[in-house]
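Please examine the sequence and structure shown below. The briefing that accompanies them is arranged by topic.

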Amino acid sequence: MKSVTEISGVPKEDLSSIPASAHPTAEGPAEVAANIKYHAQYTPHFSPLKFEPEQAFYATADSVRDSLIQEPDAALGNGGLGRLASCFLDSMATLNLPAWGYGLRYRYGLFKQSITEKGQQESAENWLEKFSPWEIVRHDVVYPVRFYGKVEVCASGVHKWVDGEQLQALAYDVPIPGYGTNNTISLRLWEAKAPAEDFNLNEFNDGQYENAAHLHSKAQQICAVLYPGDAKEEGKLLRLKQQFFLCSASLQDIIARFKERRVENEPIAWNEFPSKVAVQMNDTHPTLSIPELMRILMDDECLGWDEAWTVTTRTIAYTNHTVLPEALEKWSVALLTKLLPRHMEIIAEINKRFLEMIHSSHPDMENKFNNMCILDDSNPQKPVVRMANLCVVSSHTVNGVAMLHSNILKDELFRDYVSLWPEKFQNKTNGITPRRWLRFCNPELSAIITKWLKTDQWVTNLDLLRGLRQFSDNSELQSEWASAKMANKIRLAQYIFQVTGVKVNPNSLFDIQIKRIHEYKRQLLNILGAIYRYKRLKEMSAEERKKVVPRTIMIGGKAFATYTQAKRIVKLVNDVGAVVNNDPAIGDLLKVVFIPNYNVSVAEILIPGSELSQHISTAGMEASGTSNMKFALNGCLIIGTLDGANVEIREEIGKDNFFLFGAEAHDVPKLRKEREQGLFVPDPRFEEAKNFVKSRAFGDYDYTPLLDSLEGNSGYGRGDYFLVGYDFPSYMEAQSRVDNAYKDTKKWMKMSILSTAGSGKFSSDRTISEYAKAIWKIQECRVP
């Protein structure tokens, strides 16, 4: 933690003479120091008697925040969920676009992961334990959000949603500054509150404390946890509440901003709304934006159906982020009717009119009704709303997030809609911000890149990295590159020892897979490969071991709390590590380390220190991936399948610099069919790895349910649906190619340099520029 003296540049002996005075637009060192000192004494976070590192951090953060909120339109920002959205916000600000995002202000986020003998354990991650110095509460930005109730039809025929329970959405803004520009946008996060009048003072004084604060308790639940478990009806209801709360508050805010910008006393020109407002739905979680915008326009603003539908469909666009069946949301009609009765009416009407359109205009497609309808009543006892279908029908543009993914959407998932609206479908390959994922997290490598390119303009024009290609054979650059990589590996080794107690050799090959634990991402393939590697090492003579490339395999990620199979994979990785890492016969030739509580801060240490990264999902199942881009940008080589953005990364960095294996997406259905027919013959090495686990070599935990998923001939969850067994031999062969390449240091360094040099396409600046031009139709709006 730096002191005020280090931050401001003011000599320590002169600090006592600096007054504690506010300088929100501080320029010189003395004003910076004075502003920090002012916040330390007068911003009421801590007692003024202390000025220790923690107090210094918050005081400095407050002083930095001062400069971020001095822009003319300070509140033009709202928030996005997830790391991708954060990259997008960074690019929006840097590109001076009039754009922002919305999200929920979760108190506990996902969860904090710890590893015990039982495996993964979850606990609350209280990031707001004290407060966030970057957020600004907007007490004047509050909107009502209703649940339950009933629908009344007025004499005029207008529908009104009444009664039920009503909460309030309070806005918090987090400033997002652009790089090399005066532009700052915001990430607007909503917190759920209950009105004061809903606190029953009489019940409280009567000792009925829980009843008295019933609605306040319900409000706290909405923004308590990201992705609450939904195995029970209560969990499903809470998730649906979260989604609608975000949609309703955000749309009310958007409409309020639109109204504020019209000429005073002039009528609202709703036909101009789509040319002033673009709403991008990030996957299906905000799908309720569609019926909510329709409801506001019809019930509150008194527009007719046709006019409201035109405004809605010209305003809203949809990004699909997955083809996984379980992630394509389907909500129970009964649940929606109970929680959002008016919205269920609107969804039913959208479905009815859509099917009528097909019947009248495309009668040849009536046999496609079952696939294309929004309301699925194939099970009359449990009809559901298909949220992805609702998004496609109601959006003016639908896009995937990598070329392969977008083609799968057009050729398979949404094929029938493409025949109706071919012009509606686009691709927008994801990207990452080079400011965080190279310039900030890897300063050593960044300095080398700037030196050899003779410019730092690559930070905002990542295509300039291709200039490194001409130096890829240069021994001086390779030496500098290797030194930067080793410095990052040493830092990572220290971190591993700090959080796990495992000592790893920085001279070993650092092999990393960090991402959410899921069967389709195939951490199981990774650990089975590590198990076979360990078994072979045990069988080798001392002379044979001398030829082996030492390797440290790191796996990190969180398994969803109720995803039992994923948690078994976490347990297996840790059990394998406990044996391998304490085997004196193996020593540094192999280490297997599970990195606990993987998050962004951890990634900022892992990615710069990586040399090989595994992106090994079953082909056709990963929409894009962005960690693959982060690793490639930092000169890490990838072993992977032709899945998601891997396809484009391999094209950009060169096929010889990518360790490819596995079935291709178009072969996967056929291979599953052959598996069902009993035609699959497993590789002996695959059987050896499984049997080694069954032998209890890694402890007494019963891994039968996990290994059973790789057996049998049919069914999701068994029959090796994710083709671990099929891809195992080509995976092991690719790993052998990795070992051989790593032995040639000069060759490896050249490949590493070419990986970074070929990563220019994967800047989120490029992605956002494409969204702005092709979907949102917006241009730069530079702050003076």
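What follows covers a pocket, salt bridges, a surface patch and several individual residues.

This is a predicted model, in which local features need pLDDT of at least 70, side-chain atom pairs count only at pLDDT 80 or more, and totals for chains, interfaces and linings use all residues. Residues are numbered from 1 along each chain as its sequence is written, and side-chain values use heavy atoms, with hydrogens and water left out.

**Terms**

- Helices (H or I, at least four residues) and strands (E, at least two) are DSSP runs numbered from the N terminus.
- A residue is called buried under 20% relative accessible area, exposed over 50%, and partly exposed in between (1.4 Å probe, protein chains only).

**The second largest pocket**

- The second largest pocket has a volume of about 960 Å³.
- Among the 34 residues that line this pocket, Val323, Leu328, Ile408, Glu412 and Leu413 are the closest to its centre.
- A pocket is defined on a 1 Å grid over the protein atoms alone, as an open set of points where a 1.4 Å probe fits, with protein on both sides within 12 Å along at least five of seven lines; lining residues have an atom within 4 Å of a point.
- Grid points are joined across faces, edges and corners, and the volume is the space filled by probe spheres set on the points.
- At least two lining residues each are supplied by helix H14 (369–372), helix H15 (387–394), helix H16 (403–413), helix H17 (415–420) and helix H27 (668–676).
- H16 provides the largest share of the lining, six residues.
- By residue class, the lining comprises 19 nonpolar, five polar and ten charged residues.
- In this division Ala, Val, Leu, Ile, Met, Phe, Trp, Tyr, Cys and Pro count as nonpolar, Asp, Glu, Lys and Arg as charged, and the others, Gly among them, as polar.

**Salt bridges**

- The model contains 50 salt bridges, each being a side-chain nitrogen of Lys or Arg within 4 Å of a carboxyl oxygen of Asp or Glu.
- Arg295 and Glu292 form one of these salt bridges, at 2.8 Å from N to O.
- Both Arg295 and Glu292 belong to helix H10 (residues 289–300), where they lie three residues apart, about one turn of the helix.
- Arg295 is buried at 11% relative accessibility, and Glu292 is buried at 0%.
- Arg342 pairs with Glu345 in a salt bridge of 2.9 Å, N to O.
- About one helical turn separates Arg342 and Glu345, because they are three residues apart in helix H13 (residues 341–361).
- Arg342 is buried, with a relative accessible area of 6%, whereas Glu345 is partly exposed at 34%.
- Glu543 and Lys546 also form a salt bridge, with their closest N and O atoms 2.9 Å apart.
- Glu543 is exposed at 52% relative accessibility, and Lys546 is exposed at 62%.
- A network of salt bridges links Arg138, Asp173, Arg188, Asp253 and Arg257.

**A nonpolar surface patch**

- Phe57 is situated in helix H3 (residues 53–68) and is partly exposed, at 33% relative accessible area.

- Asn96, although not a glycine, has a positive phi of about 60 degrees.
- Asn96 occupies the loop between helix H4 (82–94) and strand S1 (101–104), and is buried at 2% relative accessible area.
- Lys777, a residue other than glycine, likewise has a positive phi, near 60 degrees.
- Lys777 falls in the segment after helix H32 (764–776) and is exposed at 62% relative accessibility.

**Separations in sequence and space**

- Asp720 lies in the loop between helix H29 (704–708) and helix H30 (724–743) and is buried at 3% relative accessibility.
- Asp720 and Ile555 are 165 residues apart in sequence, and their C-alpha atoms are 21 Å apart in space.
- Asn211 lies in helix H6 (residues 209–212) and is partly exposed, with a relative accessible area of 47%.
- Asn211 and Asn200 are eleven residues apart in sequence and 7.9 Å apart in space, C-alpha to C-alpha.
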